[in-house]
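We will go stop by stop.

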Amino acid sequence: MGKITILDEHIANQIAAGEVVERPASIVKELVENSIDAGSTKIEIEIEEGGLTSIRVADNGDGLEEDDVEKAFLRHATSKIKTGNDLFRITTLGFRGEALPSIAAVSRLTLRTSTTQNGQGLEVYLEAGNLKKKQAIAFNKGTEIIIRDIFFNTPARLKYLKALQTEIGHIIDYVNRLSLSYPYIAFTLIHNNRPLLRTNGDRELLHVITAIYGASVAKSMIKLEEEDKDFKISGYISRPEITRANKNHISLFVNGRFIKHYLLTQAIIKGFDTLLMVNRFPIAVINIELDPSLIDVNVHPAKLEVRFSKEQELMKLLEQTIRSYLHEQNFVRQIDLNSIATKKEKVKVEQSSINFYRNHQHTNYPKQIVDQFIPQPSEQPIASLSSMQQSIEEEKKNFLVEEDLYDENINSIEANSADRLPMLEPVSQFNGTYIVAQGEAGLYLIDQHAAHERINYEKNLNRMNEEVRTSQELLVPITLDYPKSEALLIHKNLEILQNNGLEIEPFGQNSFIIRAMPQWIPANEELFYIDRIIQQVLEHGEINMELLRKDLIASTSCKTSIKANHYLSKKEMEILLEDLRKTDNPFSCPHGRPIVIHFSLREIEKMFKRVI
Amino acid sequence: MHFFIDKNQLIDAIQHVNKAVSTKTTIPILTGIKFDLASDGLVLTGSDSDISIQVFVPITKNDQEIVKVIKPGKIVLPAKYIVDIVKKLPGSEIEFSLVDTFSVLIRSASTEFKLNGYDPEEYPELPQIEEDQVLTINSDLLKSMIRQTIFAVSTLENRPILTGVLWKLNQGKLSFVSTDSHRLSMREANVEENGLTFDNVVVPGKTLQELTKILEDDSIPVHIVVTDNQILVKMENVLFYSRLLDGTYPDISRIIPEKGKTVMTVTKQSLLDAIERAALIAKNDKTNIVKLSILEELLLEITSNSPEVGKVTEHIKVNQLDGEALKISFNAKYTLEALKAMDSQEIKIEFTGALSPFVLKPTDHDRILHLILPVRTF
C-alpha cells in the first residue's frame, strides 16, 4: 500500500494557517483587508488581551450573500479573482482565498453579515473550521467577525506568541498603516475598551497622520506629489528635525497596499541625504500608484513583499522627488515651545526691502569672470588697422556674451538660495562657538563650525568634480573574486571602471586583477573603496563619485573649518553667513547636525511674557 | 611688479608675516600674504583680521642691496605655497615678476614657479592708527613681561575678556595682569614717564603669543601705540597690529590678599623640583593635585597621592617661616607655571588659610606676583 495520503481539509487548513495566521496581528490584517475589499467606509476593530481572548472586526461593507457564507470558509474560495489572468492585475488586497478558512481553522469564529439595509442578516458559528451553528438574525448591512480563543487547537503556536504588549504593538502597527493607506475609511481601534486610534475617514491623509503621530508631527510634514509616465508618488515626509531611531515609520504603499521594500526605503533615506543625523530616520508616508501589471504581489502569502518591474526607475524618481521637495524648504530649526497653538492662517504680507548685502557678492563675482577676457598684450605686432578693428569687434562680442553669462549666474544664485536662509546680520558671538544673528524673522543661533564645514564641503565637492582623474599604479596588484553572476556584470562594465581610474582586468573566470586605482583612495582603505566602487557599478551601472567620496570630503572639510572656541570678528561672521546663504543646503552640516536654530520674535516675546 | 630680492632676507620677512596668517579663516583672501613693492622697498602684510603683521624690507641694509626694484606693483600670494616655495628655492636671489593679471613668475637659479594669486585691491586695509601718544619700552623687557603673565590667560571663550592680558599704564608704571579665574599673574615695570596713561587695555593672549615670537631679545626700544580697539607695536621694520578685547576687565584689586597669615620663604628651585616630582604621580589625575603641609622646624612636606598609581612624599627645607601651621592642596600645573615665570632664586609664599588664595612673590623685588586658588579636597 502506498504511503501517500491526501490530507483531509482540516489539516490542510491548519497547515495553511501556520503561514497566514502567524499571530493575532495577522488575523486583524486579514479581516480588515477583507473589510476594505468589501468597500467599507467604516471599520471598527476591537481587541481584548492583545487579540488572544477576542478580536472583533466590524464593517459597513457589502456583506455576504447567504449562499456565499459557507463557501467563504472553503480554501481558495474568493470573490476577488476569477481567472488566472486576473492574477496579473490584482487590485484588491486579498485574492488567495486562504485567510478565512485558515483563521477559522485555529479559532472559534462567529460571523454576522447582511447585504441589505432591511435588517435581515445571518449568523454562523464555527469551531476549528467546523460549522456548528447557522441562524437568521437581525443585522445591519455589513459584516462582523468575532474571533475567540485563537490557537486553542494549536497549543504549540500559542506557546510561541510574544507578550501581550508585543502583540498589541503589531496590531497597532498594522492598523496605523492601513489607516494611512485608506484615508477615506474611518478606522477605530479599541483595546481592552481603550480607544487607541480613531480616524475620521474624511480623505485627508494629514488627518490620519495627526491621529497617529500627533498634531505637532503632522504640522511639520511636507506634502509630496510627483508623477512620471509609469508612477505617481504622493504622500508626506517629515521635516528633517523630526526623526525616529528606526525605519519603521517609513510607510510605503503601492496601490493602497502596505509593503516592505528595502531598496525603496533606502531611496527615501537617500533623498534626505545629509539632512539626517547618523542613525536617525524620517517619518514618511508614501503612496505609489502604478499600473498593476508592473508589480508582482504574489510573492508571499503575507503580501508584504512585492516585486517591481521598473525598480531602478522608481527608486530614482522617489529619491529625486524627496530631494527636490526638501530643497525647496526652509529648514531652520524652530524652537518648539510646547508647540504654540497656531491661530487661523493669516494672510502673509511681506514688505520687500533693499538688499544691503549685495556688495559682497559683487566684489567676488564679476572679477573672476572679468579676468578671462582682459585683453592680453598680443605677441604679434598688429598687422593692419582693419584686422585690429576686427579683433576689437570680436572682443566686444565676447564681452557681451560673457556679460550675459554673468547676469545669469547672479540670477541663478538668487533663485537657488532665495528664501531658504534669510539675510542674517551677526550681532555677536557666544562662547566662541555660536554666532548670534538677527534677521527679519527673529533671532538666529548659528554653529560656526558646522556652517563653515558646510561651506567647505560644498566647495570641495565642486572642486572634486573639476579635478583631473589620476590613478596610482600598484606594484603588487590586488586580486578580487566575485560570484559568477556579479563577475558577468563586472565584465560588462569594465570600461566604466577603467574610465574612473580603476584599472581592472579579468583574471580567469570569476577573478579580477586591479593594477591601478584612483589616487584619492586613502591608504589602508583600498579594498573598502574598491569594493564600494564595484558595488555601485553592479547596482546602478554607473559610478557616483560624489556618493563614494562624500565621507572623505566631509572629513577633510571638517579639518579645514574653524572650530569652536574661536573668536570671529564681525567681518568674518558676515562673510561666513553670506557664504552659508549661498550653499545648496544651509541647514545641516555634512554629518547631519543642524547649523541654524531660529527663535521667532514672537517666541521670544512669549518667553518674556510680553505677549501671551 | 618686477623685482629681485635676497632670499634670506625674504625668508625672515615672510616668516614674520606668516605668523598672522591663519589657514582657517572665513575670509579666503586672508590666507594670502600681500606683496606691495614701492621704490623704497617691499612691504609684506599678513593678517587674520585679529592680528596683522607688516614687514618692510628696505632696498638696502648695512650698505648691502637687498631688493632691486624694477617695476613697482602689488599682489596677494597664497601663504600656504609662497612660504615653502621661498624656503626651498635653490639660489640666493629670487626674481618676482607679475604675469597675467594676478599671477607671478618666481625665478631662482634654474627654477621657475608660476603662482596664482589674488587681487590685492580686495585685501582688507590695515587699521589707521594715530600715533600721537607712544609708549616706549625695551624689546627684551616687553618680551619677559609677556612671558611672565601669558600662561595664566584663559583659553576658553566663555568669558572672552579673560582670554587677554590686561595692560595698565599709570605714572610711568606699566602693569600686566592675566587670570583664568583659577590663578592670576601680575607683572609690573617702570617705563619712561611721558604723561601717558591708560587702563583697561586688554590684549588677546594669542596676539601676545605671536608677538613674543617676533620680539628681539635685545634691549632695543619698541614703540607701542594704543587706541580704543587696536594696539600697534612698532619694531624695526616690523609693524604688529592687533585688536583689543571688548569689555571691562574684572577689578582685581580686591582679590589679592593684603597680608598672609602664614608666610614662608623658600629656595625657588628646590620647591619647583619637589612639586615637579610630586606632579609625576598627580599627572594621572586631571586635577594634578599636590598637597603641601607645613611641619614644624622649618620643614615642608609635599605629597601627592593617586589611588591607582601610588604616592610620593618629599620634605624640603624652608628658609624662613612665620605664622601658623597649614595644610593646603593645589593644582601642581598652576604652581609650576608660576614658579617657572619667576627669575629670582628665593621666593616668598603667603598663605591665608587652607581654602584661601595664596600668593607667590620674589623676595628681591615686588614687581611680580602670582596668586593661586587652592583645590578643595573632600
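**Before you click**

This is a predicted model, where local features need pLDDT of at least 70, side-chain atom pairs count only at pLDDT 80 or more, and totals for chains, interfaces and linings use all residues. Residues count from 1 along each chain as its sequence is written, chains are lettered from A and ligands numbered from 1 in the order in which they are written, and side-chain values use heavy atoms, leaving out hydrogens and water.

The model scores ipTM 0.74 and pTM 0.63. Chain B has a mean pLDDT of 91, with 99% of its residues at 70 or more. (pLDDT is the predictor's confidence in each residue, from 0 to 100.)

**Stop 1: the sheet in chain A**

Strands are DSSP runs of E, at least two residues; helices are runs of H or I, at least four; both are numbered from the N terminus. Two strands pair if DSSP finds at least two bridges between them.

Now select 42-48 and 54-59 of chain A. These strands, β1 and β2, pair in the antiparallel sense over 6 bridges. Glu44(A) stands opposite Ala58(A) in β2(A).

Contact means heavy atoms within 4.5 Å.

**Stop 2**

Which residues have the most contacts inside the largest nonpolar core? Select Phe35(B), Ile82(B), Phe96(B) and Trp167(B). That core has 64 residues. It lies between domain 1 (2-122) and domain 2 (135-243) of chain B, because both give residues to it. (Domain bounds come from an automatic or database domain assignment.)

A nonpolar core is a set of buried Ala, Val, Leu, Ile, Met, Phe, Trp, Tyr and Cys residues joined through side-chain atoms within 4.5 Å. A second, separate core of 53 residues includes Phe73(A) and Tyr236(A).

**Stop 2: Leu336(B)**

Select 332-340 of chain B. Leu336(B) lies in this helix, α6. Is Leu336(B) buried or exposed? Its relative accessible area is 10%, so Leu336(B) is buried. Buried means under 20%, exposed over 50%, partly exposed in between (1.4 Å probe, protein chains only).

Leu336(B) touches residues including Leu272(B) and Ile275(B).

Note on methods:
Lists of a residue's contacts leave out its neighbours within four places in sequence.
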